[in-house]
Amino acid sequence: MDYIERGYRRHFEGRPGTRPGVREAGALWLGVREDVARTAAVVFLNGEGVEASRGRWKVSPEVFGVVTRWAKPRGLCLLGVVHTHLHGVPARLSRADREHNVQVPGVLAVVIGEGGWDEDHTIWGWYVYENQDYRPILVGELKEKFDMSSGKVELLGANAEGMWEIAKDG
Ligand SMILES: [Zn+2]
């Protein structure tokens, strides 16, 4: 997953004023909801409306509003909410994560360990929201739900005040 590689390294760890592994970080994956979903845009969230600290990552409804208003006219919807857990914290959804995450059927929640540096996506935490809760995605099921091949992916930033383009990739 090229966009994870390039995107996360730069935007999760390399932002000004952020020392590596000090706080959690996250992004939204946008795409077209099909039988097999594919990410068309990764939106990194930071700043106004994004609470990021050690052990906590929470996004305000205003931020989701900003991103939705951008995505809708482009035919994109929210596929997944991705966030990092720091070194020593399992890449699993915490209880607070479950409570704060968007609760929309079919949406993925993905947790990347080691502050986003964990390269092996097979050991990330993968969940899907179904029957009013997030359940782990089974091994083998992921391929059926999500196309991991890299392609053209737009990288953007967003917070409660707006969105900005980072790069067109691929
Ligand atoms: Zn978490």
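Author: Glu114 is found in the loop between strand 6 and strand 7, where helices (H or I, at least four residues) and strands (E, at least two) are DSSP runs numbered from the N terminus. This is a predicted model, in which local features need pLDDT of at least 70, side-chain atom pairs count only at pLDDT 80 or more, and totals for chains, interfaces and linings use all residues. Residues are numbered from 1 along each chain as its sequence is written.

Reader: Does Glu114 count as buried, partly exposed or exposed, and why?

Author: A residue is buried if 20 or more other C-beta atoms, placed from the backbone, lie within 10 Å of its own, exposed if 12 or fewer, and partly exposed in between. Glu114 has 18 C-beta neighbours inside 10 Å, and therefore counts as partly exposed.

Reader: What value is phi of Glu114 near?

Author: Most residues other than glycine have a negative phi. Glu114 is a residue other than glycine with a positive value, near 55°.

Reader: Where is Asn131, and how many C-beta neighbours does Asn131 have inside 10 Å?

Author: Asn131 lies in the loop between strand 7 and strand 8 (133-136). Phi of Asn131 is also positive, near 50°. Asn131 counts as exposed because its C-beta neighbours inside 10 Å number 7.

Reader: With which residues is Leu28 in contact, leaving aside its neighbours within four places in sequence?

Author: Two residues are in contact if their C-beta atoms, placed from the backbone, lie within 7 Å. Beyond those sequence neighbours, Leu28 is in contact with Val43, Leu45, Val67, Leu78 and Val81.
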